Amino acid sequence: MDLVLSIDEKRFDLLVMGLFGIMAAVIFAVVQFAGMHSSVVEGYYPYADAMMHGVFPYTDEVFVYDYWNVWEYPPLAYVLFLIPRLFGANEAVYQAVYLVIVMVFIWLGMRSVRRIADIRGYDPRKACVYYAIFMALMAEFLFDRFDVFPVVLCILAIRFFMEERYHWAAVMLALGTLLKLYPALLLPFFIIWLIRRKEFSGLLRAAVGFLVAMCIAVPFILLGDISQMFAYHSDRPMEIESFAASILEVVRLTTGSGMEVFYSYGSDNLVGGIADDISPYLSKFMLACIAFLFVYYVYLVWRKEDGLEHRSYNAMFLAVAAFMMFGAVFSAQYVIWLIPFVLVFLMYVGEKAKRCAIIRVFALVEVFTQLNFLFNFGMRPDDFLSPWGVGVLVVRNVLLLLMMVYAVRDLPESEA
């Protein structure tokens, strides 16, 4: 690492982006020449092609992922999907343009991580190295999903908030919410933070920025039935990667219960027996956990203003992690949602041992997420999970739970 840190900033950026460029090229080649399944080609391109042929989002169904599907994503996702299609009807061209857009966002994220580190008095180059490592460990999901876009928008929101450009921070959160709904979870914590600091003019600017950016959704609401997006996700069964499913898979392996893995809603889900009994309550439990966290956060910041920033980012991490872990749906790419908050953790935690623990545990979470992709998708022979596959999921989720436990314990003790 010392050799990398000794390189000047311009060459460092070129080196990092060159490595990501190689990864993008490999993903492109594997999809185009080896026939690997691709969300970009099999999902995003058909949506974009349908729009080019006059189908407006949230109206007619579209044949994506090899079946007829509703418009399942938030509105801005379809604007994003459409952009590469404007360059031509060829799927290879579409994927290439999409990968270029991903590269631009990776670069924007790195520049903002460097700025956040400057503000926090942390080594900017080291912060960018960790950013690059965490992103690279999730390379397949980085280049073949669109979760990297809301992740970078969250990083930008944190940067602008630290710079006290609250209107731009709110715009980034609004755009992130219009891509993937989870960035909306950060908004209440930012609001309480501003109220606690009596930044009422900043709060007003943030509210205006958020509402103006959200106006992007108005045409989609007026011209289509956007409620189908919420109905689609509210009806989903328990995905195999969720925390509850990983526990039930252990039960299934040890007791031979009547649960099975069934493909639906574009994912592998655990269905039958106790899984069907528990699944309807997971979203309620997840929302209750987030609500309790918010109440606890308000109590802590009203009792003592010291450490408000650290405590706020800590609570945001917990809210996003709870959304991932305790609901019915947890897809592998969701892990990159946590990267902005893990990086901020590194810049706030003072002791080197704690920094190293955070880095190692999160890196292991990413490694086991990739192993899950290997064992439970690439190497699974039939519609069941092997003991190895179940073990990978359990270890990954326990590691995430340990990070959450650390954050909960650290929440009342957060310092400036």
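User: What makes phenylalanine 161 count as buried?

Analyst: This is a predicted model, and what follows is computed from its atoms. Phenylalanine 161 has a relative accessible area of 4%, and the word buried applies under 20%, so phenylalanine 161 is buried.

User: Why is the pair of rings of phenylalanine 161 and phenylalanine 190 called tilted?

Analyst: A pair of aromatic rings is described by the distance of the centres and the angle of the planes. For phenylalanine 161 and phenylalanine 190 the centres are 4.2 Å apart and the planes stand at 35°; planes under 30 degrees apart would count as stacked and those over 60 as edge-to-face, so this pair is tilted. Phenylalanine 190, at 4% relative accessibility, counts as buried.

User: Which parts of the chain does that pair tie together?

Analyst: Phenylalanine 161 belongs to helix α8 and phenylalanine 190 to helix α10, which covers residues 187-196, so the pair links parts that are 29 residues apart in sequence.

User: Why is the pair formed by phenylalanine 81 and phenylalanine 146 called edge-to-face?

Analyst: A search of the whole structure finds 42 aromatic pairs. For the rings of phenylalanine 81 and phenylalanine 146, the centres are 5.3 Å apart and the planes are at 85°; since edge-to-face requires an angle over 60 degrees, the pair is edge-to-face. Phenylalanine 81 lies in helix α4 (residues 75-85), while phenylalanine 146 lies in the loop between α7 (139-144) and α8 (148-162), so this pair ties together parts that are 65 residues apart in sequence.

User: How do you know whether phenylalanine 81 is buried or exposed?

Analyst: Its relative accessible area is 0%, and with the limit for buried set at under 20%, phenylalanine 81 is buried. Phenylalanine 146 is judged in that way too, and at 1% relative accessibility it counts as buried.

User: Why does isoleucine 83 count as partly exposed?

Analyst: Isoleucine 83, which lies in helix α4, has a relative accessibility of 35%; because buried means under 20% and exposed means over 50%, a value in between makes isoleucine 83 partly exposed.

User: What is said of the phi of tyrosine 58, and how is its burial decided?

Analyst: Phi of tyrosine 58 is near 70°, a positive value in a residue other than glycine. Tyrosine 58 lies in the loop between α3 (39-52) and β1 (62-64), and its relative accessible area of 1% falls under the 20% limit, so tyrosine 58 is buried. Glutamate 164 also has a positive phi, about 65°, although it is not a glycine; this residue is found in the loop between α8 and α9 (166-179), and at 42% relative accessibility it counts as partly exposed.

User: What makes glutamine 95 a buried residue, and which residues is it in contact with?

Analyst: Glutamine 95 sits in helix α5 (residues 91-120) and has a relative accessibility of 1%, which is under the 20% limit, so glutamine 95 counts as buried. When neighbours within four places in sequence are left aside, its contacts are Ile27, Phe28, Val31, Gln32, Val40 and Val41.

Technical notes
Residues numbered from 1 in each chain as written. Predicted model: local features only at pLDDT ≥ 70, side-chain atom pairs only at ≥ 80, totals over all residues. Heavy atoms only, no water. Phe/Tyr/Trp six-rings, centres within 6.5 Å; stacked < 30°, edge-to-face > 60°. Helix = DSSP H or I, 4+ residues; strand = E, 2+ residues; numbered from the N terminus. Buried < 20%, exposed > 50% of the residue type's maximum accessible area, 1.4 Å probe, protein only. Contact = heavy atoms within 4.5 Å.
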